[in-house]
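Please look over the sequence and the model shown here before reading on. The paragraphs that follow lead from one part of the structure to the next.

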Amino acid sequence: MMDLNTLTAISPIDGRYRKNCGELADYFSEYALIRYRVLVEIEYFIALCRLPLPQLAGFDEGRYEELRDIYRNFSVEDAAAVKQIEKTTNHDVKAVEYFIKDKMDAMRLGDSREFVHFGLTSQDINNTATPYSLRDALKNVYHPMLQTFIDKLVSLAQEWREVPMLAHTHGQPASPTRLGKEIMVFVERLSKQKAMLESVPFPAKFGGATGNFNAHHAAYPGIDWVGFANGFVNGTLGLDRSQITTQIEHYDNIAAIFDALARINTVLIDLSRDMWTYISMEYFKQKIKAGEVGSSAMPHKVNPIDFENGEGNLGIANALFGHLASKLPVSRMQRDLTDSTVLRNVGVPLAHTIIAIRSITRGLDKLIINREAIDGDLENNWAVVAEGIQTILRRENYPNPYEALKALTRTNKAITKDDMASFIESLDVAESVKEELRRLSPGTYTGVELY
C-alpha cells in the first residue's frame, strides 16, 4: 500500500486541493475529532468537580489547568495513542476515556478516574464534540472568508458603479442596468443568507443513554441533572442543549446549518455562471499570466477556469450538504448508527466550499472590464429604450403607445439610433415631450441608483 500524501490521497481535498483547504484539518480530521472529544470529557469532569459531588469534593482546583493542558497540548502522537487503544476496545469514544484515565494515573489523579465519562453514553461526547468543531470551523475559517469575499464584491460594485450595461432577461436584450448594481445583487443575497446562517444555534445532546439521565439520577437522585447539563453545554461549551432527546441529537438545527450553507453556495453558483457568461460575451477580458496554458491544442485560449472550478466544487458540496441535511435528522427508534459514519464527512462539503470561494476569488481578481464590448452592445440595441418611450407616452395619454412601439421594434431588423429618432419626430406630442424622449439612450436609460 502506498504511503499517504497529497499525490496518493484518494480525495482531491486531501490531495490536489489540500493547500486550498488544509486549515480545516484542525476541525474535521480524525485527529481533530479525537481532540474535541478529549476537550468535552475533561471539561465535563471539571464540571462534576464543581457541583461538587461528594466523592470529588476534595479535588484540588489547582489541577484543573493541568487537566486542560491534556487537550490544549493534544498532539498527533496523542491521537495515535488513542487509536492504539481503540484497536483493543473497538470503540472510539471508550478509547478516549481510557486515554484520559491513563493521563490521570500519570498525574497521580487516579483516585478520581472513574468520574471520567461518568454516566455518559458515547453520543453525549460525539453530539457535543461535532457541533463544537463545526462552530469553530465556521467562526474561524468560513465566516471570515465569506465576509472577505462579500467585501471584494462590494469593492467591485463601487468600481463599476457608473458602468451602464445591457441587461439580458431570458437571454435577450432588456432594459439597461449598471454593472455595479448587478454585482450588488449578489452582495445583498450573500449578506442575507450569511445572517440567516449565523442565527442558527449549534445544537448538542447531553443526557445519558436514552436522554433521561438514567445513570446520573440512579447514582445521585438529589442533583438537578437537567440544570447541570444546561449549564455545562450552554455555558461551558457555548452550544445549545436540546432538552428532550433520544440517545442522539435531533440534528434538526445541524440540518438547518447545512441547508443555509447550501443556499449560500447556490448564490455563488449563480454568480459563477453569470461571470462565466459575461466573459463569453467579452464584457470582461482576463489577465494573462506568463507560462499559463488555456488549452493544450488552441494556443489563443484563456479559459474562465476559476469560475468553472468554483461551480464544480460548489455542486459537489451541495450534494453532500443535501444528504447530510436529509439523513441526519432520521434515526430508527432511540438510535441507529447511520449518523456516525455520515458525521465524519461534515468537513468534506465545507472543504469543497472553501476551495470554491478561493477559486471564484481568483477569477474575480483576473477580470479586466471591456468597455468597448459593453458600450458596443448598448449602441447596437436601441430597441431597449422602447419601454421608456412608451411609458412616457402613456403618461401623456398618447393613444396606444405600447402598440406603436411594438410595431416599430418587434422585428428581426436591428433598431438604430436613427430609427428611434425618426419615430420620435413622427409623434404628435409637444416639443418638450419629444426633447424628453430624445434624451433617452441605451447608455442613460439605467433607472435609479440603488446603492
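**A walk through the model**

Aspartate 306 and lysine 366 form a salt bridge, their closest N and O atoms being 2.7 Å apart, where a salt bridge is a side-chain nitrogen of Lys or Arg within 4 Å of a carboxyl oxygen of Asp or Glu. This pair links distant parts of the chain, since aspartate 306 belongs to helix H12 and lysine 366 to helix H14, 60 residues apart; helices are DSSP runs of H or I with at least four residues, numbered from the N terminus. Aspartate 306 counts as buried because its relative accessible area is 7%, the terms being buried for under 20%, exposed for over 50% and partly exposed in between, with a 1.4 Å probe and protein chains only.

This is a predicted model, in which local features need pLDDT of at least 70 and side-chain atom pairs count only at pLDDT 80 or more, while totals for chains, interfaces and linings use all residues. Residues are numbered from 1 along each chain as its sequence is written, and side-chain values use heavy atoms, with hydrogens and water left out.

A search of the whole structure finds 38 salt bridges. One of them joins glutamate 23 to arginine 358, with the closest N and O atoms 2.6 Å apart. These two partners are 335 residues apart and so link distant parts of the chain, with glutamate 23 in the loop between helix H1 (18–21) and helix H2 (25–28) and arginine 358 in helix H14 (residues 347–366). Glutamate 23 is partly exposed, with a relative accessible area of 26%, and arginine 358 also counts as partly exposed, at 26% relative accessibility.

In another salt bridge, aspartate 336 pairs with arginine 332, the closest N and O atoms being 3.0 Å apart. Aspartate 336 counts as buried because its relative accessibility is 12%, whereas arginine 332 is exposed, with a relative accessible area of 57%.

Not counting residues up to four places away in sequence, aspartate 92 touches Arg37, Glu86 and Arg344, contact meaning heavy atoms within 4.5 Å.

Which side chain does glutamate 43 meet through a polar contact of 2.5 Å? The partner is tyrosine 71. Glutamate 43 is in helix H3 and counts as buried because its relative accessibility is 7%. Leaving aside neighbours within four places in sequence, glutamate 43 is in contact with Arg68, Tyr71, Phe232 and Thr236.

The largest nonpolar core has 138 residues, and those with the most contacts inside it are Val38, Leu67, Tyr142, Phe258 and Ile389; such a core is a set of buried Ala, Val, Leu, Ile, Met, Phe, Trp, Tyr and Cys residues joined through side-chain atoms within 4.5 Å. Isoleucine 389 touches Leu405, Met420, Phe423, Ile424, Leu437 and Leu440, again not counting residues up to four places away in sequence.

Some features of the backbone lie in loops. The peptide bond from leucine 51 to proline 52 is cis, with omega near -15°, and proline 52 lies in the loop between helix H3 (30–50) and helix H4 (64–72). Methionine 333, a residue other than glycine, has a positive phi near 50° and is found in the loop between helix H12 (305–327) and helix H13 (338–343). Methionine 333 counts as exposed because its relative accessibility is 70%. Asparagine 397 likewise has a positive phi, of about 60°, although it is not a glycine, and lies in the loop between helix H16 (386–395) and helix H17 (401–409). At 67% relative accessibility, asparagine 397 counts as exposed.

How values were computed
Helices (H or I, at least four residues) and strands (E, at least two) are DSSP runs, numbered from the N terminus. A polar contact is a pair of N or O atoms within 3.5 Å; within protein, one must be able to donate a hydrogen and the other to accept it, and residues adjacent in sequence count only if both atoms are side-chain atoms.
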